[in-house]
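Opening the notebook on a new model today. I'll go through it feature by feature and jot down what I look up.

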Amino acid sequence: MKLKKLVQQVMEEVITLRRHLHQNPEVSGEEIETSRRIQQQLEAAEIPFKTGFAKTGVLGIIQGGKPGGTVALRADIDALPIQEENDHGFKSIVPGKMHACGHDAHTSMLVGVGKVLQQMKSEIEGTVLLVFQPAEEDAPVGGSQQMMDDGVFEEFKPDAIFGQHVWPDLPAGQVGVLPNEVMGASDRFAIRVKGSGGHASMPHQANDAIIVANHLISQLQTIVSRNTDPLDSAVLTIGKIEGGYRYNVIADQVLMEGTVRTFKSAVKEMVKERIAHIISGVEKSFGASIELEYLDGYPATVNTPEWAAQVKSSAQKVLGREATPAVSPSLGGEDFSRFLLQYPGAFYWLGTSVESTEKQYPLHDPRFKLNEEALSKGVELMTQLALDTLDKLSQKEEAC
Ligand code: NI
């Protein structure tokens, strides 16, 4: 009860901050004012912080009055290069930029969590890290790896790390949590086939790049249908193909671009390897030259089952027994994945669907909106989760 009350006391500030950030979005790598605003808020709440991680990243540190473990809570802070098409009172005032992925809400909720925990500081067993991460939308580079490279966890190493994301497919008050894979790995590739051109009537004097590309596409499709375990997930899409000049000229070059989506890193590596093998086989059999450019995107976001279970039980504690419906993973990419490669933890979805509208616009849509009623639930859940996690870590320590 005490927690609910403390949360209610900070909510007005959380909503004001969210609306301010929404009106003044800054895209990946340019979050200067956003970072400054976060620092001002932490300073006002007397929460110590450090800066200089991935340029604009901020680390707030709440050291509890009692010894214990370390839990990290992460919010991404950047906006997208999208022109907002909503007409509410706090619409983006920056042309061509918009918080269309809810990172304004993530940031303000984490500030709210920090304010609540700071007031409970003397009772806290251990340390809570508030991780404000820039450049989440800048795949495949991102900001999480850079923050870690810049030593964000040098002094305090998280025993567990958590991140939450607004989710328009779930109503406010519901939380999507999965024990293992949550979000997919998203890679990108380009293939350039080089043959030699000639007159359409004299194919024997040319090496037709379109025929080579045709065989290549067919063979690449067997990676998912024949090499991937049917119980695993993989997608290989060639979304663009370009080549040739006119009806009576044999094409000398074809360019193809595509994407690979997977959940398991072993599956991703297999797909990548098979692409290279098939290319070298087709190259040999047709005597063409084929170049592959493969860009590794964010890895899959894979939760630690133990901490995912903790999210579920904290969510049910705060929001009720029905608060965690069954959900399926998403093949969208997420930079939080890199934190999870280094530290145990979990990433979960906070329901934010808007009740008063016929259509829910998805994340990254110029009309994306979120239900602000959900923000107090997000603050309360994340706070409870931090406390429950520290509690669990203390129990583990005692058991040792
Ligand atoms: Ni996002």
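This is a predicted model: local features need pLDDT of at least 70, side-chain atom pairs count only at pLDDT 80 or more; totals for chains, interfaces and linings use all residues.

I started with alanine 54, which is found in the loop between strand S1 (49-53) and strand S2 (57-63). Its phi is near 50°, a positive value in a residue other than glycine. I noted that because most residues other than glycine have a negative phi. Lysine 55 lies in the loop between S1 and S2 too, and its phi is near 65°, again positive.

Buried or exposed, I wondered about alanine 54? Alanine 54 has a relative accessible area of 14%, and the cut-off for buried is under 20%, so it counts as buried. Lysine 55 comes out at 65% relative accessibility, so it is exposed.

Next I looked up the peptide bond from alanine 139 to proline 140, which is cis, with omega near 0°. Proline 140 has its place in the loop between strand S4 (125-133) and helix H4 (144-149).

**Entry: the metal**

Which residues hold the nickel ion? I found Cys101 through SG, plus His103 and His165 through NE2, at 2.2 to 2.3 Å. Along the chain the donors read C-x1-H-x61-H. Cysteine 101 sits in the loop between strand S3 (66-76) and helix H3 (103-119), and histidine 165 in strand S5 (residues 160-167), so this pair ties together parts that are 64 residues apart in sequence. I checked burial as well: cysteine 101 and histidine 165 are both buried.

**Entry: the largest pocket**

I get about 700 Å³ of space in the largest pocket. Its lining has 27 residues, and the closest to the centre are Ser186, Arg261, Gly332, Gly333 and His364. S5 turns up again here: S5, strand S8 (185-194) and strand S12 (253-262) each give at least two residues to the lining. By type, I have the lining down as 11 nonpolar, nine polar and seven charged residues.

**Entry: rings**

How many aromatic pairs does the structure hold? I have seven in my list. Phe153, Phe336, Phe339, Tyr343 and Phe347 form one aromatic cluster. I also looked at tryptophan 307: the charged end of lysine 392 sits over its ring, 5.2 Å from the centre.

Key: Residues are numbered from 1 along each chain as its sequence is written. Side-chain values use heavy atoms; hydrogens and water are left out. Donors are N, O and S atoms within 2.8 Å of the metal (3.2 Å for Na, K and Ca); water is not among the atoms, so sites may look incomplete. Helices (H or I, at least four residues) and strands (E, at least two) are DSSP runs, numbered from the N terminus. Buried means under 20% relative accessible area, exposed over 50%, partly exposed in between (1.4 Å probe, protein chains only). Rings of Phe, Tyr and Trp (its six-membered ring) pair if their centres lie within 6.5 Å; planes under 30 degrees apart count as stacked, over 60 as edge-to-face and the rest as tilted. A charge sits over a ring if NZ of Lys or CZ of Arg is within 6 Å of the ring centre and within 35 degrees of the ring normal. On a 1 Å grid over the protein atoms alone, a cavity is a set of points where a 1.4 Å probe fits but cannot get out, and a pocket is an open set with protein on both sides within 12 Å along at least five of seven lines; lining residues have an atom within 4 Å of a point. Grid points are joined across faces, edges and corners, and a volume is the space filled by probe spheres set on the points. Ala, Val, Leu, Ile, Met, Phe, Trp, Tyr, Cys and Pro count as nonpolar, Asp, Glu, Lys and Arg as charged, and the others, Gly among them, as polar.
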